Amino acid sequence: MSASASLGYGGPTCFNVQQQPIRNSFISKQQHKTVGLMMGCRSRRHGNTSKRVVGVVRCGGIGIGDFIGGDLIRFDLGRWLSDVEEHKALAIYTPHEGGYEGRYLSRLQRQGYYFLDLSARGLGDPETTLTKIHPVCPAHLGKQPIARWYFPPEVDYRLEALPPNAKGLVVWILEAKVLSKAELQFLALLPTLRPNVRVIAECGNWRKFMWKPLKEIAGLTTSEEA
């Protein structure tokens, strides 16, 4: 019983078998073999006529987005904008193939937000880099003396450079899954310190584009409170 339930979970709802004769085909044998491996087909020969049994799999949960294209229509963009304004700091999970997050980024851009893209790898201490004057030591290659350059706060510098009609600044953190829990907690509290700042942190991957409040991921609140 458990084996049948596990096989049925997430599997195809039906399996239709069709027979299609192959006549005067210009596809080579190697291409036929490749197509058969990709489509899960089997070839049977009856006399001089070769027939291919094609398995058509129809999976459950198919919506209009599967026919139009996942990158062309997004029904949750309205909820995305409302959650950005409500929580001000979100943890997003994108598909491994990438590309879907561009739709949500462009929608924020059309709302009047400007972006600061940073990678979590090599970011250092987020509090020092984003809100304080921080030192940077360039590579000296073992020949030059070790120098130290001081840079202004990344967030404050960008906020001062925003045009008057800008709605705010979105700090988009790439590869945020390498950050510690304390660093994620600071990013979740950054909109409280800088009211015109919104934080979007890429904390991992999932089968579809999804997001959660960053405070919940960082452990500042529970799912019921969020």
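Me: Which residue of β8 stands opposite aspartate 117?

Reply: Tryptophan 172 does. This is a predicted model: local features need pLDDT of at least 70 and side-chain atom pairs count only at pLDDT 80 or more, while totals for chains, interfaces and linings use all residues. Residues are numbered from 1 along each chain as its sequence is written, and side-chain values use heavy atoms, without hydrogens and water.

Me: What makes β5 and β8 a pair?

Reply: Two strands pair if DSSP finds at least two bridges between them. Seven bridges join β5 to β8, so they pair. The two run parallel. Strands here are DSSP runs (E, at least two residues), as are helices (H or I, at least four), numbered from the N terminus.

Me: Why are β5 and β10 called edge strands?

Reply: Five strands form an open sheet in the order β5-β8-β9-β4-β10, with mixed pairing. Each of β5 and β10 pairs on one side only.

Me: Which strands does α5 touch as it packs on the sheet, and at what angle to β5 does it run?

Reply: α5 touches β4, β5, β8 and β10, and its direction makes about 140° with that of β5. Contact means heavy atoms within 4.5 Å. Axes are lines fitted to C-alpha atoms, for helices over the stretch in contact, and angles run from 0 to 180 degrees between N-to-C directions.

Me: What puts the buried residues of α5 on the same side?

Reply: Glu101, Tyr104 and Leu108 are buried in this helix. They cover an arc of only 65° around the axis, which puts them on the same side of α5. The arc is that of the directions from the helix axis to the C-beta atoms.

Me: Why does lysine 88 count as partly exposed?

Reply: Buried means under 20% relative accessible area, exposed over 50%, and partly exposed in between (1.4 Å probe, protein chains only). Lysine 88 has 29% relative accessibility, so it counts as partly exposed. Glutamate 175, at 33%, is partly exposed too.

Me: What is marked about phi in lysine 88?

Reply: Its phi is near 70°, a positive value in a residue other than glycine. Most residues other than glycine have a negative phi. Lysine 88 lies in the loop between α4 and β4.
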